[in-house]
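Here is a walk through the inside of a protein model. Keep the viewer open and follow along.

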Amino acid sequence: MHARRLNLLAAVVLAVFALACGGGKRPSALTQPPPPPPPGTGSTYGGPRPQPVDAGPDVVPLDGEGVAASDFEESRADGEGGPLADVLFGYDQANLSDEGRALVERHAVWLQARREAKIIIEGHCDERGTVEYNLALGELRARAVRDLLVSLGVDGARLNVVSYGKERPLDGGSGEASWARNRRAHFVVRR
Amino acid sequence: MITSGTQGPRLAIADCAPRREDPALRAACGTISQVLRADLRFEGLFQFVPDSLLRAIPPLNPESPNMEDWKSIGAGVLVVTRVDGTAAELGVDLRVYFVENGQVMLAKRYAGPARNPRVFAHQASDDIVLLTQNRGVARTKIAFSSDRDATKERRAKEIYIMDYDGFNPRRVTVNNSLNILPNWTPDATGLAYVSYRQGRPLVFLSRIYAGTNTPNLTGEKESSQAFAPSFSPDGSRIAWASNRSGNMEVWVANADGSGAHAVTQSAASDTAPTWSPTGREIAFTSNRGGTPQIYVMDAEGLNVRRLSTVGNYNDAPSWNPNKQFLEVAYTSRLEGQFQIAIVDIASGQVRQITENRGSCEYPTWAPSGRHLAFSCQRGATWQIHVADREGRIVQPLQAGPGSNVQPDWSN
């Protein structure tokens, strides 16, 4: 009698377990009695069959991947002050300003005089946005520059677009001066 | 109160007892007690007898606990662990008692390598949580991107994984390029991520325990780019963002990259796809309305409707994988900073999870749907934090040096 009441209590506690957790599961599962105690009187503590436990296999670092080829190698013909200076953008903007447009027009002249040169146009953003939207915004910035260069007669096959979002800022600082330098289209001459 | 749960049974987790006096076993026992308590607290499903009371009663007789002692300090459920073994291998016994009548609710024996006793506690925690018909997360892992191995010349970001509690960080990629936006395969043996190692962003798939690697999983053509990979819950499909049509759209393919097709078609940028737990819907970010906002559509691209209604900058949606909670977490700009918010899909109600800790972004859900992780700015770096879905508990993980961003929680 007494034992039955306690079993009921155990079932109630299991039910509370499940409800407290928002489980909302089938009641039939809650009324199962607990598993039978292991054989013996408690001295054979390790009754159940051992279950293997370990941290699993270790990560195999992909050593054979090799170092990225052109990723970090930048041509001298780019960057601030170079013939293919960075084109800057306003906050959350992918439209070219009048200054930006004039700069891209000069770049088009430089590119038309060097028809062998292939260019990567990188789109970059400042740190003040989210990861994924900045990757989309960087793509729009680079594409705005590419589209203008193509409209000025540069062969589109020479122009590749890569968005870096906010992942690799030119200026690691915070503040408007740093942010303004980081909102840019950057030019890399492919070798 | 040191308890996190406000209802549910009151657990007493007795100090782990070595079966024989041995410094190594005692040390392993200490770790197991500590980690098991932390794991079960984290789940937020239980109340706990305060540690101070555990020592106010006579020492535990692990062979046959005196239930009256445990009853006297308010324990409803007693958790007993005992450890034996050698320097190389541990055996851990777990018993869970219903204190009222002394019945054994759970009896398990675990055996395995002795070098990381934490895994025994994680396994025990998950087994105890299973008694509540919920799934525990103690054995899950979090992948993330970090600049910790960058140099001044090579400002690389690599992919790493760690245990859900921030322990055991492991490096996954070694290519000195940019590696970002990791996403676990649902079987938790692989990671898709975006790498710039070939000079432009492409999705790679690494089977991290086998050491194999599939470049350009989504089959981008010359000059097109891929971002934000996301596997469907059943692992059969992958969604991502690509500009291969000339504009950034959300694409879906089979998990091996075959059958790729665009599921959005707008003049705006569409990105950051995340699957509903049924795999029938996808939430994503689009600026088609002028500002970045969260939208939902069928996985085929039909029935697009806007989900975020508050604020003018919302991104990085992450759909709660627990079907019981119909909600999407995302990043929202509020008063110039980014915060983690959750929108209830049925009611449209929004609740804010973070505040007053600088900017936070990029939420990811634990497979239980009861917790999420995200990255917050802490001074000069970003660090991964975890919170429960009510935002009651927000705490940083000690993930290691550098800026640690873009977490993705495994199954």
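Start with the largest cavity. Its lining draws on both chains: from chain A come A:Tyr91, A:Asp92, A:Cys125, A:Asp126, A:Arg128, A:Gly129, A:Tyr133, A:Asn134, A:Leu137, A:Arg141 and A:Arg183, and from chain B comes B:Tyr313. The lining residues split into five nonpolar, two polar and five charged. The space inside is about 70 Å³. Bear in mind that this is a predicted model.

A search of the whole structure turns up two cavities of 30 Å³ or more. Which elements of chain B each supply at least two of the lining residues? They are strand E1 (10-13), helix H1 (23-43) and helix H2 (51-54). Strand E1 of chain B contributes the most, with three residues.

Now step back to chain B as a whole. Chain B holds four helices and 30 strands. It has 411 residues, and 61% of them count as buried. Take the contacts in chain B with a separation of 6 or more: 41% of them join residues 24 or more positions apart. The chain exposes about 14800 Å², with carbon and sulfur atoms supplying 48% of that area.

Next, look at how the buried side chains group. In soluble globular proteins, nonpolar side chains tend to be buried together. The largest nonpolar core here has 33 residues, and B:Leu40, B:Val96 and B:Ile128 touch the most other members. In chain B, the elements giving two or more residues to this core are E1, H1, strand E4 (77-85), strand E5 (89-98), strand E6 (103-113) and helix H4 (118-130). H1 of chain B gives the most, with seven residues.

Zoom in on B:Ile128. What does this residue touch, not counting residues up to four places away in sequence? Its partners are B:Leu36, B:Leu40, B:Phe46, B:Val79, B:Leu94, B:Val96 and B:Leu106.

A second, separate core has 28 residues. Among them are A:Val188, B:Leu181, B:Tyr196 and B:Ala228, so named residues of this core come from chain A as well as chain B.

Key: Residues are numbered from 1 along each chain as its sequence is written. Chains are lettered from A and ligands numbered from 1 in the order in which they are written. This is a predicted model: local features need pLDDT of at least 70, side-chain atom pairs count only at pLDDT 80 or more; totals for chains, interfaces and linings use all residues. Side-chain values use heavy atoms; hydrogens and water are left out. Buried means under 20% relative accessible area, exposed over 50%, partly exposed in between (1.4 Å probe, protein chains only). Contact means heavy atoms within 4.5 Å. Accessible areas come from the Shrake-Rupley method with a 1.4 Å probe; for residues, only the protein chains shown count as cover. On a 1 Å grid over the protein atoms alone, a cavity is a set of points where a 1.4 Å probe fits but cannot get out, and a pocket is an open set with protein on both sides within 12 Å along at least five of seven lines; lining residues have an atom within 4 Å of a point. Grid points are joined across faces, edges and corners, and a volume is the space filled by probe spheres set on the points. Ala, Val, Leu, Ile, Met, Phe, Trp, Tyr, Cys and Pro count as nonpolar, Asp, Glu, Lys and Arg as charged, and the others, Gly among them, as polar. A nonpolar core is a set of buried Ala, Val, Leu, Ile, Met, Phe, Trp, Tyr and Cys residues joined through side-chain atoms within 4.5 Å.
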